[in-house]
Amino acid sequence: NRTSVNHKIRALTNQSTALYIKNFRLEKAAKMLIESNAHITEVYIDNGFNSPQSFNKAFKKKFNCSPSEYRITFFK
């Protein structure tokens, strides 16, 4: 059930389920920014963010730079 899953995720990751999912999505977005030429709009939509503002804010909080700065820094 939901409570069991939440307790298990917290035990394994020391994060709430919502934070775990958000971090997972941000990691996937960061990978997409580096490995593809997809527009940032595609990246945030493909990773379940509802607006560019919420995506940019969460991305900047996690990686200390904007998605476009991240792409410029790490794109190979």
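Buried means under 20% relative accessible area, exposed means over 50%, and partly exposed lies in between. These words are used in the legends below, which describe close-up views of a predicted model.

**Figure 1. Ser16 is a partly exposed residue in the loop between α1 and α2.** The relative accessible area of Ser16 is 28%, which lies between the two cut-offs, so Ser16 counts as partly exposed. Its side chain reaches the backbone nitrogen of Leu19 at 3.1 Å. Leaving aside neighbours within four places in sequence, Ser16 is in contact with Ile9 and Arg10. Pro67 is 51 residues away from Ser16 along the chain, and the C-alpha atoms of the two are separated by 24 Å.

**Figure 2. The whole protein has 5 helices and 0 strands.** Read along the sequence, the pattern is α-α-α-α-α. The C-alpha atoms fill a box of roughly 40 × 20 × 20 Å, taken along the principal axes. The protein has 76 residues, and 29% of them count as buried. Among contacts between residues at least 6 apart in sequence, 46% join residues at least 24 apart.

**Figure 3. Helix α1 covers residues 2–13 and is capped at its N-terminal end.** The cap is Asn1, with a side-chain oxygen 3.3 Å from the backbone nitrogen of Thr3. Helix α1 has 12 residues, and at 1.5 Å a residue they should span 16 Å. Asn14 follows α1 and has a positive phi, near 60 degrees.

**Figure 4. Asn14 and Asn64 are two loop residues with positive phi.** Most residues other than glycine have a negative phi. Asn14 is a residue other than glycine, yet its phi is positive, near 60 degrees. Asn14 lies in the loop between α1 and α2. Its relative accessibility is 67%, over the 50% cut-off, so Asn14 counts as exposed. Asn64 is not a glycine either, and its phi is positive at about 60 degrees. The place of Asn64 is the loop between α4 and α5. Asn64 has a relative accessible area of 67% and is therefore exposed.

**Figure 5. Helix α2 has buried residues that pack against α1, α3, α4 and α5.** These buried residues are Thr17, Asn23, Leu26, Ala29, Ala30, Met32 and Leu33. An α-helix has 3.6 residues a turn, so residues three or four places apart point the same way. The 19 residues of α2 should span 27 Å at 1.5 Å a residue. The end C-alpha atoms of α2 are 27 Å apart, in agreement with that value.

**Figure 6. Helices α2 and α4 cross at roughly 90 degrees.** Two packed helices are described by the angle between their axes and the distance between the axes. Here the axes of α2 (residues 17–35) and α4 (residues 52–63) come within 10 Å and cross at roughly 90 degrees. Angles of 65 to 115 degrees count as roughly perpendicular, so α2 is roughly perpendicular to α4. On the α2 side, the contact is made by Lys22, Asn23, Leu26, Glu27, Ala29, Ala30 and Leu33. On the α4 side, Phe55, Ala58, Phe59, Lys62 and Phe63 take part. The residues of this contact divide into 8 nonpolar, 1 polar and 3 charged.

**Figure 7. Val43 is a buried residue of helix α3.** The relative accessibility of Val43 is 0%, so Val43 counts as buried. Not counting residues up to four places away in sequence, Val43 touches Ala29, Met32, Leu33, Ala38 and Phe55. One of these residues is Met32, which is 11 residues from Val43 in sequence. The C-alpha atoms of Val43 and Met32 are 6.8 Å apart in space.

**Figure 8. Ser66 is a buried residue in the loop between α4 and α5.** At 17% relative accessibility, Ser66 is under the 20% cut-off and therefore counts as buried. The side chains of Ser66 and Ser68 are joined by a polar contact of 3.2 Å. Leaving out residues up to four places away in sequence, Ser66 touches Phe59 and Lys60.

Notes:
Residues are numbered from 1 along each chain as its sequence is written. This is a predicted model: local features need pLDDT of at least 70, side-chain atom pairs count only at pLDDT 80 or more; totals for chains, interfaces and linings use all residues. Side-chain values use heavy atoms; hydrogens and water are left out. Axes are lines fitted to C-alpha atoms, for helices over the stretch in contact, and angles run from 0 to 180 degrees between N-to-C directions. Helices (H or I, at least four residues) and strands (E, at least two) are DSSP runs, numbered from the N terminus. Angles under 35 degrees count as roughly parallel, over 145 as roughly antiparallel, 65 to 115 as roughly perpendicular and the rest as oblique. Contact means heavy atoms within 4.5 Å. Ala, Val, Leu, Ile, Met, Phe, Trp, Tyr, Cys and Pro count as nonpolar, Asp, Glu, Lys and Arg as charged, and the others, Gly among them, as polar. The expected span of a helix is 1.5 Å times one less than its number of residues. A polar contact is a pair of N or O atoms within 3.5 Å; within protein, one must be able to donate a hydrogen and the other to accept it, and residues adjacent in sequence count only if both atoms are side-chain atoms. Buried means under 20% relative accessible area, exposed over 50%, partly exposed in between (1.4 Å probe, protein chains only).
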